[in-house]
Every structure is written in structure tokens, then in C-alpha cells.
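Here's a quick tour for anyone meeting this structure for the first time. Have a look at it below, then read on.

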Amino acid sequence: MVRIAAVRGAAHARQLCQRLPTSKKPTPLAGSILAASPAVSSSVSASASSRPRHLSSTRTLDTATTTSTPPSPSPSPSSRSIAELPDRTHPRYLQSSKPGSSLLVLNWPRPPRNLLLVQKLYAPDVTESVIRFARHIRAEYPDVNVVVEPRVADMIQKHLPFALYVADHRSNIADKVDVIATFGGDGTVLRAASLYKLHGSVPPIVSFSMGTLGFLGEWSFADHKKAWREMYMSGSDVPEAREADYLQQGENNNLTRRRGGNGGGEHEGWERMKGKCLGHQRASRVLLRHRIKADVYDRAGNSINHQVSDSLSGQSSAVAEPQEPSPSLRAINEISLHRGSHPQLAVIDIYQNGHFLTETTADGILVSTPTGSTAYSLSAGGPIVHPLVRSLLITPISPCSLSFRSLVLPLDTAVVLRTSARNRGRELDLSIDGKRCGGVRPGTEIRVEGEFVGRAGLGEEWHGGVPCVIRTEEDDPWVGGLNGLLKFNHPFGRDPTMDDISD
């Protein structure tokens with residue numbers, strides 16, 4: 001029965017095909033059957049092509065009428081090179097007139113113009129905050145040029161209607177950047193400082209805590225407008241800065257004084273911000289974090305700093321180029337010598353001011369700053385030292401001894417780490433602030449000492465150290481970091497109440 005029905009269906013289809021050319025309108029049933037037969041479909045195609053295709057023409061008209069879309073937004077401007085920026089403005093750091101204060105007062109001779117943004121990577125919320133901050137700077141401080149690193153330039157530029165400047169090799173950032181703003185945790189602050197690890201002068205750093213720990217982060221991003229305004233206005237006819245006389249700092253009458261000439265309060269950028277800051281709040285406080293520097297010598301006594309510095313410059317296109325051919329390596333946290341991936345312990349001879357101190361067999365050795373005392377050194381069992389104490393620390397990493405304790409020495413102490421011949425030809429890893437610089441062979445010396453901080457002579461600009469803009473003297477960030485972040489002397493099993501703290 002099924003076969004008979006199929007034969008009758010085929011015969012009926014042939015009859016329809018014979019009548020199709022004379023019919024003006026094919027039935028829907030005929031169309032469905034024709035699609036199943038190749039021979040019939042070719043004849044239908046030929047006949048269909050001889051007739052006007054009203055559906056196609058209608059579709060073309062619809063397309064023509066719907067393609068008129070609204071104009072696309074104008075593309076973001078292209079980034080520009082920092083070579084086009086004006087030269088760097090060097091601020092002065094004056095002793096605060098407040099009795100007993102060990103902080104410095106930031107004093108700009110004119111408003112800062114070039115701002116470098118350093119951000120934490122792979123954090124969309126941080127990127128959004130950076131874009132928001134850049135828009136605020138552009139809207140309220142149009143004279144300020146925003147500079148970014150090459151690795152984030154495209155990602156930030158596409159969200160901004162104005163051109164950014166990129167720190168490239170066409171110019172040295174040490175000659176262009178006035179101030180740095182960081183967005184992230186302690187690693188982001190170290191990243192900003194590491195850009196100047198081959199240079200002696202670091203611009204002021206305004207750090208916004210948006211990372212994991214944030215011990216070095218001074219500001220919450222919710223206060224970004226206030227933080228930038230106070231830093232920007234610091235020097236614009238500030239009463240406290242006027243009281244700080246340069247003669248008290250050993251300068252002569254021929255040098256520029258605070259008042260007179262083209263002094264504070266007469267620049268257009270400051271005039272535009274009048275009424276938005278009051279009195280002494282315009283003077284930002286600066287915590288100057290000391291650095292240590294290292295020079296590397298081979299077994300023959302020849303300096304190989306240039307080899308290490310070339311390696312560091314190759315790690316980032318934004319590293320400030322040194323002024324000398326063989327620059328010292330500078331660290332804000334620590335300089336470490338470690339066994340690396342070798343299973344054998346490292347053997348290191350330690351000298352202090354030319355005198356043999358000890359030979360250590362350990363995973364490695366750390367020479368840290370007071371700032372680094374709460375970093376790797378603390379994890380290795382070292383003490384906590386206030387960042388204003390002019391000192392350096394020697395801390396062993398997992399030593400093969402129970403009597404090797406961390407040492408705190410004066411900042412001007414000359415410390416030498418010599419890789420012993422007992423390392424049997426193995427290279428040890430030399431790292432600056434956690435980043436490996438290269439391998440050093442037996443007989444190599446790393447000579448470490450504190451970096452000079454101050455002015456080399458009359459009329460010289462301040463250099464050395466890492467100036468960090470802090471909130472206020474009343475709210476000590478170091479004490480807050482110990483209690484809030486490191487949980488200093490935190491009792492087991494319970495949280496300290498305010499009554500316990502007040503008692």
C-alpha cells in the first residue's frame with residue numbers, strides 16, 4: 001500500500017510539472033514537492049528567473065532604507081610621546097615647622113605638570129578607577145599632562161577623549177615626570193620606585209591602596225580628589241612653607257627664597273584652584289623612605305654594573321635611564337642573594353666596613369632598608385624598624401645555624417657579600433626588590449651601602465630616597481599598618497576592643 005501511494009504521488013507530481021509553466025501562481029504544495037526533486041527544481045529555477053522577483057527587490061529596498069545608522073562616535077585620539085612634554089619640575093623638601101616633627105613639607109616652585117600613572121595589572125576595578133582619576137585630572141587640572149606606561153596605554157586611551165602620553169624610549173622619564181600616582185598594593189608602589197632603580201632622584205609618589213595588603217598605600221581612592229588637590233597646591237603661598245627659611249638649611253642669600261620673584265600663588269594653575277584649599281592643608285607631608293644601593297664586581301675587581309643595568313632596562317621600556325655609564329642598583333625594600341633553583345645551600349662571606357663578619361650557609365642573605373623590614377626580612381625573622389630610622393638590616397634566609405640573628409647597622413655601613421668558592425661553580429641569584437637581575441658566580445662581590453639623601457651642594461636639587469606623600473601627621477600610617485594590617489601583638493582567640501586599646 002505504501003509503494004502504491006508513492007507511485008501515485010510521483011505521477012501526480014509529473015502532471016503538476018507539466019501544467020506549471022502555464023500556471024501563474026504555483027501552489028504551496030507544488031513548491032514543497034518540487035524542492036524534493038532535482039530535475040523539477042532546475043525547471044522551476046529557469047521559469048522563476050524569467051519572472052520579476054518581487055521578493056528580492058522588496059528585500060533590497062528594505063536594506064536600503066535600514067542601513068542609515070546613526071554616526072559612530074569619533075575614535076579616541078592617539079597617544080603621544082613624553083618627548084613632547086615640558087621638562088621635569090623638581091620640588092623642594094623643607095623641614096616642618098611643627099616641633100618634634102620628622103616629616104618633610106612638599107614645596108613646589110610651580111604647579112606640577114607631568115603626572116605618571118602606575119597601576120596594578122589584571123584588575124578591571126583598578127583600571128576603572130585609573131580612568132576615572134584621569135578624567136578628573138583633565139577636567140579640573142587641564143594644565144596637567146597624564147603619562148602612562150606602554151603596557152597599559154592602549155587599554156586606557158580607548159576610554160578617554162583626550163590624548164595620553166606614553167613613557168617610551170624617545171625621552172627619559174627621569175627628565176619629564178614631576179609626580180607619580182600609584183593604584184594598587186605594595187607591589188605597585190615598588191613597581192613605581194623600581195622605574196628609578198638606576199636613577200638617584202625619584203618624584204613624589206601619591207599611593208592609593210587598592211591591593212591585597214596596602215602597607216605602603218597611604219590613601220583610599222575615595223579621597224583621590226583631596227589627595228591630589230593637597231599635593232598639587234603644596235607650595236602655593238603655604239604659610240608653613242613660608243616659615244621654613246632656606247637659610248636654616250645652609251643656603252646663602254643668592255638662592256631663590258620662598259617669597260618674591262615668581263613665587264607661590266602667581267601661577268595660573270594655582271590661581272584656578274583658589275578657594276578649594278585652606279591654610280596649612282595646602283602643604284603635603286612627605287615621608288622620605290631611604291634606599292640602599294649596590295655595586296657588583298667580578299672576581300678580578302672590575303665593575304659589572306652595566307651588565308646588570310642593561311638587564312634591568314630590558315625588563316621595562318619605562319625604566320629611567322641612568323646618567324652615569326655604570327649606575328648603582330637601588331632598592332627600596334631589599335637586595336637579596338639566593339641559591340635559586342639549586343638544591344645545595346648558598347655559601348656567602350659577609351664583610352662589614354672592610355672587616356670579615358661571618359660566613360653563612362643558608363638559602364640566601366638579605367640586606368634590607370627600614371621600609372623592607374616589614375617585607376621579606378620580616379618573613380625571614382628580622383625585626384620591624386621605623387622607616388625614618390637611618391639604618392640597614394642583614395637578615396639570613398633559613399640559615400644552617402640557630403645563632404645567626406638579624407643585624408641592624410647604621411645606614412652608612414659598607415656591607416660586602418662575597419660568593420664563596422665553596423659554591424663549586426654554581427651561580428647565585430641576585431635580586432632587587434624581588435626581581436631577579438642575573439646570576440653571580442663564585443668570587444663576585446656585591447657592595448651595599450645606604451644611598452645618600454640630601455643635596456650635594458649649594459643650589460643643588462634634593463635627591464636620594466623615595467618621597468611618599470602621606471595623609472596627616474596626626475594619623476600615623478606606620479602605626480596603623482602595624483595594628484590594622486600586621487596585627488601587631490594581636491591576642492589569640494579574640495579581637496581587641498576599643499576599651500582594651502584605651503586602657
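Helices (H or I, at least four residues) and strands (E, at least two) are DSSP runs, numbered from the N terminus. What you're looking at is a predicted model, where local features need pLDDT of at least 70 and side-chain atom pairs count only at pLDDT 80 or more, while totals for chains, interfaces and linings use all residues. Residue numbers start from 1 along each chain as its sequence is written, and side-chain values use heavy atoms, with hydrogens and water left out.

**The whole chain**
- The protein chain has 14 helices and 21 strands.
- Of its 503 residues, 46% are buried (under 20% relative accessible area, 1.4 Å probe, protein chains only).
- Take the contacts (heavy atoms within 4.5 Å) with a separation of 6 or more: 71% of them link residues 24 or more positions apart.

**Helix α8**
- α8 covers residues 224-233 and is mostly covered, with 7 of its 10 residues buried.
- Among those buried are His224, Trp228 and Met233.
- After α8 comes Gly235, which has a positive phi, near 125 degrees.

**Thr444**
- You'll find Thr444 in the loop between β19 (435-440) and β20 (445-450).
- Thr444 counts as buried because its relative accessibility is 6%.
- A polar atom of the Thr444 side chain sits 2.8 Å from the backbone oxygen of Arg441.
- Leaving aside residues up to four places away in sequence, Thr444 touches Val296, Tyr297, Leu417, Arg418 and Thr419.

Definitions and conventions
Buried means under 20% relative accessible area, exposed over 50%, partly exposed in between (1.4 Å probe, protein chains only). A polar contact is a pair of N or O atoms within 3.5 Å; within protein, one must be able to donate a hydrogen and the other to accept it, and residues adjacent in sequence count only if both atoms are side-chain atoms.
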